[in-house]
Amino acid sequence: MATINFGGVPETVITRDEFPLQKALEFLKDETIAVIGYGVQGPGQALNMRDNGFHVIVGQREGTPSWERAIKDGWVPGESLFSIEEAADKGTIICNLLSDAGQIALWPTLQQYLTPGKTLYFSHGFGITFNDQTGIVPSKDIDVILVAPKGSGTSLRRLFVAGGGLNSSFAVYQDTSGKAWEKAIAMGIGVGSGYLFETDFKKEVYSDLTGERGVLMGALAGIIEAQYQVLRQRGHSPSEAFNETVEELTQSLVPLVGENGMDWMFANCSVTAQRGALDWKGKFRDATLPVLNDLYDSVASGEEARRTIERGSTPNYRKELEAELQEVRESELWATGATVRELRSRSSENVEA
Ligand SMILES: NC(=O)c1ccc[n+]([C@@H]2O[C@H](COP(=O)([O-])OP(=O)(O)OC[C@H]3O[C@@H](n4cnc5c(N)ncnc54)[C@H](O)[C@@H]3O)[C@@H](O)[C@H]2O)c1
Ligand SMILES: CC(C)(O)[C@@H](O)C(=O)O
Ligand SMILES: [Mg+2]
Ligand SMILES: [Mg+2]
């Protein structure tokens with residue numbers, strides 16, 4: 001463990017220096033890690049752990065697109081790819097990576113295989129924190145741990161393949177073995193985390209639901225739509241509106257923020273831009289603070305969980321989602337985006353040629 005100063009606040013984190021992969025492998029050498037669910041996190045975590053040398057099996061519903069994808073990824077039916085029930089039976093660490101709504105439906109099944117001494121692993125505090133709605137109440141004779149990568153499973157895998165790592169939080173909910181804390185860290189290292197910071201199940205789910213509904217996804221998508229609309233209504237072309245709203249954000253300015261911070265991005269723009277952005281930053285913060293507080297209240301009251309469960313449990317959910325995403329994709333804004341991306345790849349081909 002290392003105590004590191006985060007903007008003046010000391011925090012304890014774990015990196016691969018304090019907990020090397022070899023130590024994680026040694027710690028989990030007798031465990032069979034069963035990754036249940038092969039959606040987005042499932043593949044990222046299962047493949048990273050397999051490549052890191054852990055004993056991993058996958059449990060997924062046969063005949064689904066995810067089952068076929070697992071085969072393409074090298075999981076072998078009957079050897080390392082099983083039905084959910086069989087994998088849960090064989091596994092000693094059961095990674096519950098079904099969708100959060102799917103976890104509710106599958107809980108009565110999964111529960112039967114969580115015999116004393118086994119470990120139940122989550123990548124989200126959702127099921128446990130909102131167990132008045134999910135019914136997920138584990139028995140007292142198992143360890144219950146969490147490792148939550150702070151990003152998409154796709155990024156978790158891409159960064160791992162590129163030799164990097166995605167930061168994750170970790171938490172222990174139940175420690176019956178006396179080893180749950182190290183187990184969680186070893187799993188965190190195994191799935192390819194950069195550094196690990198400790199949390200609890202409730203803080204993980206409150207911050208995660210706020211982040212994805214807020215700046216990371218919901219607010220980002222909303223503010224982009226609003227600015228594009230203003231520019232279009234004031235007579236700007238789709239190219240101009242899209243470039244000034246999205247393309248420059250993703251291709252030029254946000255990478256600079258990621259590389260060296262907000263002030264570095266500001267420092268690399270004109271005085272005109274810096275002055276205006278610094279003047280307007282406060283207005284945007286003040287305008288959105290009440291919305292973000294409403295959002296946090298809605299998370300903390302369980303309302304966001306209720307809506308997620310209600311929508312995510314309908315049999316038509318995937319179809320309805322696809323219709324919503326299609327509407328986004330086919331809007332003028334994002335259709336312009338597709339064309340701009342196309343032109344982007346053409347210009348990089350020209351550079352390579
Ligand atoms: N998507 C991410 O990158 C991400 C990031 C961090 C944490 N998480 C957490 O990881 C967990 C898994 O998320 P995900 O996005 O990979 O899930 P997902 O929505 O992609 O679903 C995962 C799998 O669950 C299966 N499934 C869903 N309902 C089912 C049911 N009723 N019966 C059987 N199988 C069912 C699906 O077939 C799919 O293979 C969740 O707790 C999520 O909050 C996800
Ligand atoms: C990738 C995210 C948004 O960080 C995750 O929280 C999710 O639910 O998919
Ligand atoms: Mg989330
Ligand atoms: Mg998240």
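Analyst: This is a predicted model. Its chain has 17 helices and 10 strands.

User: What makes the radius of gyration of the chain agree with a compact globule?

Analyst: For 353 residues, a compact globule would have a radius of gyration near 20 Å, and the chain has 22 Å, so the value agrees. Along the principal axes, the C-alpha atoms fill a box of roughly 65 × 50 × 50 Å.

User: How many of the residues in the chain are buried, as a percentage?

Analyst: Buried residues are 29% of the 353 in the chain. To count as buried, a residue needs 20 or more other C-beta atoms within 10 Å of its own.

User: What share of the contacts with a separation of 6 or more is between residues 24 or more positions apart?

Analyst: Such pairs account for 68% of those contacts.

User: Why is α2 called roughly parallel to α8?

Analyst: Helix α2 (residues 41-52) packs against helix α8 (residues 153-161) at an angle of about 25 degrees, with the axes 7 Å apart. Angles under 35 degrees count as roughly parallel, so α2 is roughly parallel to α8. The crossing of the two helices is left-handed.

User: Which residues meet where α2 and α8 pack, and of what class are they?

Analyst: From α2 come Gln41, Pro43, Gly44, Gln45, Leu47 and Asn48; they meet Gly153, Thr154, Leu156, Arg157 and Phe160 of α8. By class, this contact has 4 nonpolar, 6 polar and 1 charged residues. Gly counts as polar, so Gly44 of α2 and Gly153 of α8 belong to that class.

Notes:
Residues are numbered from 1 along each chain as its sequence is written. Chains are lettered from A and ligands numbered from 1 in the order in which they are written. This is a predicted model: local features need pLDDT of at least 70, side-chain atom pairs count only at pLDDT 80 or more; totals for chains, interfaces and linings use all residues. Helices (H or I, at least four residues) and strands (E, at least two) are DSSP runs, numbered from the N terminus. The radius of gyration is taken over C-alpha atoms; the globule rule is 2.2 Å times the number of residues to the power 0.38. A residue is buried if 20 or more other C-beta atoms lie within 10 Å of its own, exposed if 12 or fewer, and partly exposed in between; C-beta atoms are placed from the backbone. Two residues are in contact if their C-beta atoms, placed from the backbone, lie within 7 Å. Axes are lines fitted to C-alpha atoms, for helices over the stretch in contact, and angles run from 0 to 180 degrees between N-to-C directions. Angles under 35 degrees count as roughly parallel, over 145 as roughly antiparallel, 65 to 115 as roughly perpendicular and the rest as oblique. A crossing is left-handed if the near helix is turned anticlockwise from the far one by less than a right angle, and right-handed if clockwise.
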